[in-house]
Amino acid sequence: PISPRHVTTTPTKLILKEKVMSFTGDDASVKDESGNTLFKIKADMMTMSQRRKMYDASSGQVIGQLRLKKSAFMQPTVYLGTPSDEKKCHVKMTGMLNPLKCNANVYVGETKVGRVSGNYKAKQFEVNSVDGKTLATVSKKLTASSYFMDADSYCIYCYPGVDLAFMALV
């Protein structure tokens, strides 16, 4: 896990909402079902890797970050890691040529530990472990601000034993 203290013991619903007025367009907040802010995500302004940092809302500490990297074949890979830039895992997209289905695989080092299936680009997907156990489902919420202000919202339903910070970064 990215943040062991954020591993849930009960089914948990998170709402990730992008900020309407942000310079980068990638700043967001993550709240629980009761409306309590758990995490804030801030994107760096000038970066080729589209780096984002996740902050714990209660302590203000950086608990995770992600960076985007494209390979020679334009296959995007998202690296998830700790504040010290330790790469905990990476998510590599597959099936980029199919506009209706874009899956991804989750790796720790070179070992495949999970699969994202559905449409990763459209943010309508399920995250599973390699043995097929569902860890989380993600769906994009259609709101007025998503249409007019390009500020999307997502519902992330996490099952017990899942790191909430990790799922919010995915």
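## Cysteines, charges and a salt bridge

Let's start with a cysteine: Cys-158 is buried, at 0% relative accessibility (buried means under 20% relative accessible area, exposed over 50%, partly exposed in between, with a 1.4 Å probe and protein chains only). The model is predicted, so local features need pLDDT of at least 70 and side-chain atom pairs 80 or more, while totals for chains, interfaces and linings use all residues. Residues are numbered from 1 along each chain as its sequence is written, and side-chain values use heavy atoms, leaving out hydrogens and water.

**Exercise 1.** Find how many disulfides the structure has.

*Solution.* Step one: recall the rule, a pair of cysteine sulfur atoms within 2.5 Å. Step two: check Cys-158, whose closest cysteine sulfur, in Cys-155, is 9.1 Å away, too far for a bond. Step three: note that Cys-155 is buried too, at 16% relative accessibility. The count is zero disulfides.

**Exercise 2.** Find the salt bridge and say where its two partners sit.

*Solution.* Step one: search the whole structure, which gives one salt bridge (a side-chain nitrogen of Lys or Arg within 4 Å of a carboxyl oxygen of Asp or Glu). Step two: name the partners, Asp-56 and Arg-5, at 2.0 Å from N to O.
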